[in-house]
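Welcome, and please get your viewer ready. We will go from stop to stop, with something to select at each one.

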Amino acid sequence: MSKIATAINNSMDYKLGVLETPRDNGKTSKRGLCAATYATQYSCDPLCVFNEATGQGEGCYSNGGPASWTMKRLNNAASAIVDLTSEQIAADEATEIRKLNGLQPLRLHVSGDCDTDESARMVSAAAADYTAIAGFESWTYTHSWSRVDRESWGSVNVHASCETSQNVTDANAKGYATAKEVEHFESDKLYEDAYGDLILPCAQQTGRAANCYECGWCFNPKSVARRIARRISIGFAVHGAGGQGAKALAALRSVLSIEMVVAA
Ligand code: SF4
């Protein structure tokens with residue numbers, strides 16, 4: 001059966017970190033510095049404004065660039081399974097995680113999510129086993145935070161993916177660290193946005209760090225705890241290859257326009 005979730009020890013995703021070493025023969029050897037998992041988008045919040053698999057939105061960054069090749073393969077396999085559940089996808093992802101060597105930080109869900117408490121518990125249990133091998137942390141971002149308790153994620157450094165200020169307030173009240181999508185950064189450093197939210201721009205996006213491996217803000221438990229206590233969100237400027245950025249910007253603006261109407 002084709003896979004609906006997969007995991008890799010040394011992801012070649014440059015955002016996560018790739019070490020390039022020149023060799024004597026003039027070529028360059030490359031090694032990914034973080035492990036990563038990918039799950040079909042059928043594991044995501046079906047109402048996510050960026051979710052193209054369910055047709056409820058568009059603009060997910062994993063629909064563009066190299067990540068999309070893996071994600072499309074997983075989506076094709078998932079679409080052939082009748083009555084596929086979140087727990088079936090999580091079981092496959094947990095199996096894949098338990099095959100990893102545990103020797104680098106683990107980014108869960110370059111694509112995909114856990115949309116139920118039980119699926120989050122299954123994946124986080126496998127992530128805890130991963131951390132137990134050599135102490136390397138796991139981290140992720142979830143659009144399913146309103147339906148999944150923070151406790152279900154266990155020791156995973158999980159961030160609620162937020163589009164609005166109300167999202168940040170609600171996710172923070174549930175105990176989540178938060179990441180907020182913004183149209184653009186108003187500063188390279190910590191700033192307060194127009195909605196009163198404290199935004200710490202992603203270090204890789206601003207160039208303050210080369211990649212996640214070098215930065216570590218999202219998987220350093222002390223850094224995550226400090227941001228929860230101070231209600232600081234990691235900021236992500238709308239991004240995505242192959243036109244996904246423009247679609248994501250449109251989706252974000254539509255959500256923000258609804259928030260402005262509700263607040264008026
Ligand atoms: S803030 Fe740092 S760890 Fe988090 S996504 Fe950006 S570069 Fe990666």
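Select H109, which lies in strand β5. Keep in mind as you look that this is a predicted model. H109 is not a glycine, yet its phi is positive, at about 65°. Is H109 buried or exposed? It counts as buried, because it has 23 C-beta neighbours inside 10 Å.

## The whole chain

Now zoom out and colour by secondary structure. The protein chain comes to eight helices and 11 strands. Of its 264 residues, 47% are buried. If you take the contacts between residues at least 6 apart in sequence, 69% of them join residues at least 24 apart.

Move on to β7, residues 157-162, where six of the six residues are buried. Show the side chains here. As a rule, side chains in a regular strand alternate between the two faces of the sheet. On one side of β7 you will find N157, H159 and S161, and on the other V158, A160 and C162; both faces are covered.

Keep H159 selected and look to each side of it. Strand β6 (residues 138-142) runs parallel to β7 and is joined to it by four bridges. Y141 has H159 as its bridge partner in β7. β8 also runs parallel to β7, again with four bridges between them, and here H159 stands opposite A177.

From β8 (residues 177-182), step across to β11 (residues 232-237): the two strands run parallel and are joined by five bridges. To find your place in this pair, select E181, which stands opposite F236 in β11.

## Helices against the sheet

Turn the view so that you look at the helices over the sheet.

Two packed helices are described by the angle between their axes and the distance between the axes. What are these values for α2 and α3? The angle is about 5°, and the axes are 8 Å apart. That angle makes α2 roughly parallel to α3, since angles under 35 degrees count as such. To see the contact, show side chains including I89, A90 and I97 of α2 and M122, V123 and Y130 of α3. By class, this contact has 11 nonpolar, two polar and three charged residues.

Select β2 (residues 18-22) and β3 (residues 28-32). These strands run antiparallel and are joined by five bridges.

## Along β11

R231 is found in the loop between α7 (221-230) and β11. It is another residue that is not a glycine but has a positive phi, here about 55°. R231 counts as partly exposed because 14 other C-beta atoms lie within 10 Å.

Then select G235, which is in strand β11 itself. G235 counts as buried because it has 25 C-beta neighbours inside 10 Å. Leaving aside neighbours within four places in sequence, its contacts include K180, V182, F185 and C202.

## Last stop: the ligand

Which residues are around it? They are C202, A203, Q204, A209, C212, C215, G216, W217, C218 and I234. Colour α5 (203-206) and α6 (212-215) as well, as each of these helices supplies at least two residues of the shell. By class, the shell has eight nonpolar residues, two polar ones and no charged ones.

How values were computed. Residues are numbered from 1 along each chain as its sequence is written. This is a predicted model: local features need pLDDT of at least 70, side-chain atom pairs count only at pLDDT 80 or more; totals for chains, interfaces and linings use all residues. A residue is near a molecule or strand if its C-beta atom, placed from the backbone, lies within 6 Å of it. Ala, Val, Leu, Ile, Met, Phe, Trp, Tyr, Cys and Pro count as nonpolar, Asp, Glu, Lys and Arg as charged, and the others, Gly among them, as polar. Two strands pair if DSSP finds at least two bridges between them. Axes are lines fitted to C-alpha atoms, for helices over the stretch in contact, and angles run from 0 to 180 degrees between N-to-C directions. Angles under 35 degrees count as roughly parallel, over 145 as roughly antiparallel, 65 to 115 as roughly perpendicular and the rest as oblique. Two residues are in contact if their C-beta atoms, placed from the backbone, lie within 7 Å. A residue is buried if 20 or more other C-beta atoms lie within 10 Å of its own, exposed if 12 or fewer, and partly exposed in between; C-beta atoms are placed from the backbone.
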